[in-house]
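Subject: Model handover

Hi,

Here's the structure I said I'd pass on.

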Amino acid sequence: MRLEERAVYADDAKNSQDVEKVIQDSSSDLDQAAKEDGVSALYEAKSRLINEYFQREIGFGPYQIQLFLLTGLGWAADNIWLQAVAIILPEIQKELNPSRVEFATLSLYVGLILGATTWGILADLVGRKLSFNITLFIAGVFGVAAGGSNNFTTLGALVACVGFGIGGNLPVDGMVDSSCYYDYNRSS
């Protein structure tokens, strides 16, 4: 008899003697698994109980998978913008001729710091879904606008706004991801 079948049997048991019998029957399975894994039978029993709870009570369904992929795109946007600014630095040097091209990266990081600080708090006030959408919208709009910059000052300001958007998206992504796994029963 598998552990799942024993658990169902234990749920259907009418009295404590039946439950004790199920526990005694499963103890040989626990002892065998514990010996194979090199852990105590008690630890194995606790691990199985926790895993069973995660799989049956909390769950991980299509909603969590879709949300994980969506917030993963937010994390990808952050990494892509950081790499994009690093990649365009030589071209900025050639085309716009700034005295210190590193200030483009500095402006991105200033935006990241301000965005993370601001949107971490605003997400609690205006909501996570709205904050998630706004931060990615800000990053997208100002990123496109930065592509049309005609001088280095404009580029720095627009890249800082991109940083504000993606810097704000990082804490919001983390909040959305972590809260959805615990809110599974309410969301499905």
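Below is what turned up, going from the whole chain down to single residues.

Some ground rules before that: this is a predicted model, so I kept local features to pLDDT of at least 70 and side-chain atom pairs to pLDDT 80 or more, while totals for chains, interfaces and linings use all residues. Residues are numbered from 1 along each chain as its sequence is written, and side-chain values use heavy atoms, with hydrogens and water left out.

**The chain overall**

The chain has 8 helices and 0 strands, with helices and strands taken as DSSP runs (H or I, at least four residues, for helices; E, at least two, for strands) and numbered from the N terminus. Of its 188 residues, 31% are buried; in relative accessible area, buried is under 20%, exposed is over 50% and partly exposed is in between (1.4 Å probe, protein chains only). If you take the contacts (heavy atoms within 4.5 Å) between residues at least 6 apart in sequence, 69% of them join residues at least 24 apart.

**Helix H6**

H6 covers residues 128-147, and its 20 residues reach 29 Å from first C-alpha to last, close to the 28 Å expected at 1.5 Å a residue (the expected span being 1.5 Å times one less than the number of residues). Which of its residues are buried? They are Ser-131, Phe-132, Thr-135, Ile-138, Ala-139, Gly-143 and Ala-146. These cover an arc of only 135 degrees around the axis, so they sit on the same side of H6; the arc is that of the directions from the helix axis to the C-beta atoms. Lys-129, Phe-137 and Val-144, on the other side of H6, are exposed.

Asn-169 belongs to helix H7 (residues 152-182) and counts as buried because its relative accessibility is 1%. Its side chain makes a polar contact of 2.9 Å with that of Thr-135. For polar contacts I used N or O atoms within 3.5 Å; within protein, one must be able to donate a hydrogen and the other to accept it, and residues adjacent in sequence count only if both atoms are side-chain atoms. Leaving out residues up to four places away in sequence, Asn-169 touches Gly-74, Trp-75, Phe-132, Thr-135 and Leu-136.

Ala-123, in helix H5 (residues 103-126), is buried too, at 3% relative accessibility. Ala-123 and Val-172 are 49 residues apart in sequence, but 6.7 Å apart in space, C-alpha to C-alpha.

**Salt bridges**

How many did a search of the whole structure find? There are 2, with a salt bridge being a side-chain nitrogen of Lys or Arg within 4 Å of a carboxyl oxygen of Asp or Glu.

- Glu-91 with Lys-94: the closest N and O atoms are 3.8 Å apart. Both residues lie in helix H4 (residues 62-96), 3 residues apart, about one turn of the helix. Glu-91 is partly exposed at 47%, and Lys-94 is exposed at 62%.
- Glu-102 with Arg-100: 3.0 Å, N to O. Glu-102 is partly exposed at 42%, as is Arg-100 at 46%.

Cheers
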